[in-house]
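Have the structure open as you go through them.

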Amino acid sequence: MKLSSRSRYIQIVAIVLALSFGVRAYAETPREELAHAYILLKLANADYAGHRAKAMKELETAGKDLGLSLEGRGSEHERQLKSDEQVAEARRLLREARDKLEARDRDRAAAHLEKAIVEIDAALKVR
């Protein structure tokens with residue numbers, strides 16, 4: 001049975017739509033990214049001259065402002081990452097979360113997220 005070009009086009013569009021929904025299903029929300037970044041910082045081995053702790057404090061305040069609980073153990077995969085990689089990944093997650101937060105959440109937590117990112121940047125310079 002030979003398919004017409006229109007049928008092929010419809011099948012391709014259906015496949016692309018199905019795949020795009022699948023990718024979205026695994027994407028973290030900005031709040032989940034914030035919590036994930038906190039866990040990564042918590043699991044990092046080094047202190048980074050106090051900057052890691054300061055970043056965590058800012059995230060705790062931002063989490064409180066957003067009504068989030070930032071406690072958690074993290075996965076085995078996270079435990080295997082090197083400390084610098086964990087801290088750099090936390091910075092990436094926070095930048096993404098900051099950019100994706102809804103306006104009302106951004107108004108509540110933006111200053112703390114910015115301070116946390118500044119502390120992480122300083123921490124990575126200490127290495």
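1. Let's begin with burial: 35% of the chain's 127 residues count as buried. Keep in mind that this is a predicted model. The exposed surface comes to about 8300 Å², and carbon and sulfur atoms supply 55% of that.

2. On to the fold. You'll find six helices and zero strands here, so the pattern along the sequence reads α-α-α-α-α-α. Take the contacts between residues at least 6 apart in sequence: 77% of them join residues at least 24 apart.

3. Now the charged pairs. Side chains of opposite charge can pair when their charged atoms come close. The count of salt bridges is ten.

4. Have a look at Asp-121 and Arg-91, which form a salt bridge with their closest N and O atoms 3.0 Å apart. Asp-121 sits in helix H6 (residues 103-126) and Arg-91 in helix H5 (residues 83-100), so this pair ties together parts that are 30 residues apart in sequence. Asp-121 is partly exposed, at 21% relative accessibility, and Arg-91 is partly exposed too, at 23%.

5. Which residue forms a salt bridge with Asp-99? That's Arg-98, with 3.2 Å between the closest N and O atoms. Asp-99 is exposed, its relative accessible area being 53%.

6. Finally, Arg-108 and Asp-105 meet in a salt bridge at 3.6 Å, N to O. They are three residues apart in helix H6, or about one helical turn. Asp-105 is buried, at 3% relative accessible area, whereas Arg-108 is partly exposed at 37%. Through shared partners, salt bridges join Arg-31, Asp-105 and Arg-108 into one network.

How values were computed:
Residues are numbered from 1 along each chain as its sequence is written. This is a predicted model: local features need pLDDT of at least 70, side-chain atom pairs count only at pLDDT 80 or more; totals for chains, interfaces and linings use all residues. Side-chain values use heavy atoms; hydrogens and water are left out. Helices (H or I, at least four residues) and strands (E, at least two) are DSSP runs, numbered from the N terminus. Buried means under 20% relative accessible area, exposed over 50%, partly exposed in between (1.4 Å probe, protein chains only). Contact means heavy atoms within 4.5 Å. Accessible areas come from the Shrake-Rupley method with a 1.4 Å probe; for residues, only the protein chains shown count as cover. A salt bridge is a side-chain nitrogen of Lys or Arg within 4 Å of a carboxyl oxygen of Asp or Glu.
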